[in-house]
Amino acid sequence: MNTSIPHRELGSSTAHRQGAVLRWALGGTVTLLASYLIGLELQRRGWATYQFPQTVLWCLIPYAVTAHWLYSGAYLPQFEGRSFLIVATAVPYLATPLGFALLQRPYSRGAVLLSYLLSAAWFLAGHWRQRRLHALRLACLDASVPSRLRELLGTPAGAGLRHIALRPWAEFTASSPAARPGADAPWAGVVLDTRTPPDEARERQICALRLQHVRLYSVETVAELLSGRKMLPAASVHDLWALDGHPAYDSVKRLLDAALVIATLPLWLPLCLLVGLGVKLDSPGPMLFSQMRVGRNGRPFRLWKLRSMRTATPGTESARFASVDDERVTRLGRFIRRMRLDELPQLWNVLRGDMSLIGPRPEQAQFVEAFAARIPAYPYRHLVRPGLTGWAQVQQGYAGSEEETSVKLSYDLYYLEHYSLSLDLLIAYKTVRIVLTGFGAR
């Protein structure tokens, strides 16, 4: 049987996206050359000082940082491409004036702005080109692949499938000759349903594909590429990949957390006191609410929040999820929960080291015990410090049931495998956007 398909070189979809970013970034150095030539011309005409072209040369640094972040963020699902591009291009250039200030060097703000605009336009054009020419195109060996993908991706039906092209394996058999390798629309490989019962003919096909160096994907891997969620193992925790932390970045992240909380203290502390006074005036009870939560490595800690619910009679209130239009929420509480102002005291937890600014949200001990008993992968979310906001929060919002908690866990595990400065910046950007819209508040 002919098992040939038009495929590109052996390598994952992420590796091919990284290669495309690298080539595009190298080509984009022409934008810096254009900025430099414009600077020389402006200097010749007397419209700019000698600092303009010199500043353009220094802008090689933020350009390289942008290229590195886009390269390292190639694993992100395609629907996050535009948001991540905004963050990766804006932050390095926004930080450039600070770099000049620390070095005590004169610079041209116009040169920084020009370099930013040209490089951002270049990378945006590359993003559009990548989406058009490098879409994930897969052949389905098993007929059950499309339905399994829809099942894993959940509602709306098959969300994310618009970002890939799937064709049945039968179209690549001898009865339907395949296009030549190296065609304009190369296929990334073949996707398999790991739940398909063993079959001798199927195994021969898979063996032949391996010999041809065709990339093979499991349906779970494709679902992760499309959704930004780690697909949970069906049965045993032993099916999980070997998860490890990132000690170097953990140390850097801890220093950044402490520095940001201390630097913004004059902003958030008065705001916290002002909202706390409003809480006292709005309903009887204390200003603050505390609760034991589970942190890194399963260690318990006391989490602080501004009280947004009515005070319960001791012994009458058990741990339960907040619901939409929860009757326990006060009038002011509904507003501060929507704006996430009730979370402000947790900056004290961040300063103490109980939490990070970004990470999986800390859960109550009762829920942790229950979820760990029923969801084998649940304890893995405690490999890092919990956070004020996280990947699950910006993608899913509040989890109000065990089923939604399973989905939330899949996002948390995805974050644990990929967390980095670039992903944390994307989460921070999406958090600000969400606070302005109130997404996920209850």
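A: Begin with burial: a residue is buried under 20% relative accessible area, exposed over 50%, and partly exposed in between (1.4 Å probe, protein chains only). Glu-343, with a relative accessible area of 16%, is therefore buried. This is a predicted model, in which local features need pLDDT of at least 70, side-chain atom pairs count only at pLDDT 80 or more, and totals for chains, interfaces and linings use all residues. Residues are numbered from 1 along each chain as its sequence is written, and side-chain values use heavy atoms, with hydrogens and water left out.

Q: What does Glu-343 form a salt bridge with?

A: Side chains of opposite charge can pair when their charged atoms come close. The cut-off for a salt bridge is a side-chain nitrogen of Lys or Arg within 4 Å of a carboxyl oxygen of Asp or Glu. Glu-343 pairs with Arg-361, and their closest N and O atoms are 3.3 Å apart. Glu-343 sits in the loop between helix 12 and helix 13 (346-352), and Arg-361 in the loop between strand 7 (356-358) and strand 8 (363-364), so the bridge ties together parts 18 residues apart in sequence. Helices (H or I, at least four residues) and strands (E, at least two) are DSSP runs, numbered from the N terminus. Arg-361 has a relative accessible area of 10%, so Arg-361 is buried.

Q: How many salt bridges does the structure hold?

A: The structure holds 19 salt bridges. One of them joins Glu-41 and Arg-45, with the closest N and O atoms 2.7 Å apart. Glu-41 is partly exposed at 30% relative accessibility, and Arg-45 is partly exposed at 46%.

Q: Which parts of the chain does the pair of Arg-331 and Asp-282 link?

A: Arg-331 and Asp-282 form a salt bridge whose closest N and O atoms are 3.3 Å apart. Arg-331 is in helix 12 (residues 331-338) and Asp-282 in helix 11 (residues 265-282), so this pair links distant parts of the chain, 49 residues apart. Arg-331 is exposed, at 68% relative accessibility.

Q: Is Ser-35 buried or exposed?

A: Ser-35 has a relative accessible area of 0%, so Ser-35 is buried. Its place is in helix 2 (residues 29-44). Contact means heavy atoms within 4.5 Å. Not counting residues up to four places away in sequence, Ser-35 touches Phe-52, Val-56, Leu-114, Ser-115 and Leu-118.
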